[in-house]
Amino acid sequence: MTAPTVVICGATAGVGRATARVFAQAGYAVALVARGERGLMDTQAELERLGARVLSIAADVADAEAIDQAAARVEAELGPIGVWVNAAMATVFGPIERLSAAEIRRVTEVTYLGAVHGTMAALRHMRARDQGTIVQVGSALSYRAIPLQSAYCAAKFALRGFTDSLRCELIHDNSRVRVTMVQLPAHNTPQFDWARNRMGKRLQPVPPIHTPEVAARAILRATIEAPRELWLGKASFQAIIGTLFMPGLLDRMMARQAWSGQLTAEDASDRPDNLYQPVEGLHHAEGRFGEQARDKALGLASETVGKLAVLGGAAIALLAGLIIAWLAD
């Protein structure tokens, strides 16, 4: 039996690389899509040591034509695309007044439009067979924006809206192509050592921090179960539910906590960033926060969260009714 094929965009570092490793261990043939040749070579060698069939394709997800060509190569060389994972991202840390329009555009082209390009390329092949799964790697920041990452948060918000529209269209067409989105908490990845930084201090994820393998396992789970969304980690639950019910309070909390929470006391060094070009030598799944990283996180489908909320509301209503009845006696 031929192994199923997964395409992973942003596959050579961080969550994307951990995801490639998990899919290889699960028996998939893996197509790696990323910009850097060295990162592709290193990742391919790692997956081949695990016994996987691997195809590496150097492409920028911001280039729609290049992603279309990548999809065609995967179909021709590895086989029918069964799963497509959009994990590529870019960000710039800094208040909006310090950012340029070009920087915001580039983050949008990679983090939002890159996922759109990947989704459209996948659909061209999946629609014809009426099967396949598209996984959007989202973030708690697609619901709860924070200071200093306006362009990234906006891109994740946009991706959630795009994905909701696509889901409606697939349901309308009675399509068996599935689309799911995984909303992630903070992870220990190289992002904080190669993202463009306008703050003058070294960067860090807002705790609690998780290993990239936590995200990778959740992405594999989402591929199999295809929930509408999979919410991962306590911080994601707090951010999403808190925003739904107390957005103004969270605005003030983020103003107090998330600004300083993303910065260390160390001065930032003059280093290259990966906004426009890959940074060689940092293509690892893990970043420098290994001692703080947790290897487990609760993950619940958004449908399950909704049912729990309904049950909780019903329980509160029942309790209130009993209290009222008791007082009336």
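Helices, as the term is used here, are DSSP runs of H or I with at least four residues, and strands are DSSP runs of E with at least two, both numbered from the N terminus. With that in place, I can begin with a loop: Pro208 sits between strand S10 (201–203) and strand S11 (209–210). Pro207 and Pro208 are joined there by a cis peptide bond, with omega about 5°.

Colleagues, a word on the source. This is a predicted model, in which local features need pLDDT of at least 70 and side-chain atom pairs count only at pLDDT 80 or more, while totals for chains, interfaces and linings use all residues. Residues are numbered from 1 along each chain as its sequence is written, and side-chain values use heavy atoms, with hydrogens and water left out.

Let me turn to the chain as a whole. Its secondary structure consists of ten helices and 14 strands. The radius of gyration is 21 Å, close to the 20 Å that the globule rule gives for 329 residues, so the chain is as compact as a globular protein of that length. That radius is taken over C-alpha atoms, and the rule is 2.2 Å times the number of residues to the power 0.38. Along the principal axes, the C-alpha atoms fill a box of roughly 75 × 50 × 35 Å.

How much of the chain counts as buried? The value is 52% of the 329 residues. Here, buried means under 20% relative accessible area, exposed means over 50%, and partly exposed lies in between, with a 1.4 Å probe and protein chains only. The accessible surface comes to about 15,100 Å², and carbon and sulfur atoms hold 58% of that area. These areas come from the Shrake-Rupley method with a 1.4 Å probe; for residues, only the protein chains shown count as cover.

Contacts, meaning heavy atoms within 4.5 Å, come next. Among those with a separation of 6 or more, 77% are between residues 24 or more positions apart.

Gln183 belongs to strand S7 (residues 178–184) and counts as buried because its relative accessibility is 0%. Leaving aside residues up to four places away in sequence, Gln183 touches several residues, including Gly138, Tyr143, Arg160, Trp231 and Ile240. Its side chain also makes a polar contact with the side chain of Ser142, at 3.1 Å. A polar contact is a pair of N or O atoms within 3.5 Å; within protein, one must be able to donate a hydrogen and the other to accept it, and residues adjacent in sequence count only if both atoms are side-chain atoms.

I now come to charged pairs. How many salt bridges does a search of the whole structure find? The search finds 23, where a salt bridge is a side-chain nitrogen of Lys or Arg within 4 Å of a carboxyl oxygen of Asp or Glu. One of them joins the side chains of Asp193 and Arg288, at 2.3 Å from N to O. Asp193 lies in helix H6 (residues 191–194) and Arg288 in the loop between strand S13 (263–267) and strand S14 (299–301), so this pair ties together parts that are 95 residues apart in sequence. Asp193 is buried at 18% relative accessibility, whereas Arg288 is partly exposed at 28%.

A further bridge links Arg196 and Asp273, at 2.9 Å from N to O. Since Arg196 lies in strand S9 (residues 196–197) and Asp273 in the loop between S13 and S14, the pair ties together parts that are 77 residues apart in sequence.

There is also a network of salt bridges, which links Arg17, Arg21, Glu46, Glu213 and Glu286.

Phi is positive, near 55°, at Asn174, a residue other than glycine; Asn174 is exposed, with 65% relative accessibility. Phi of Ala226 is near 50°, again a positive value in a residue other than glycine, and Ala226 is partly exposed at 22%.

I close with the surface. Which residues make the nonpolar surface patch of about 490 Å²? They are Ile241, Leu244, Phe245, Met246 and Leu249. Patches are made of residues with over 30% relative accessible area and no salt bridge, like charges being joined within 9 Å and nonpolar side chains (Val, Leu, Ile, Met, Phe, Trp, Tyr) within 5 Å. Helix H8 (residues 234–245) gives the most to this patch, with three residues, while Leu249 is found in helix H9 (residues 247–261).
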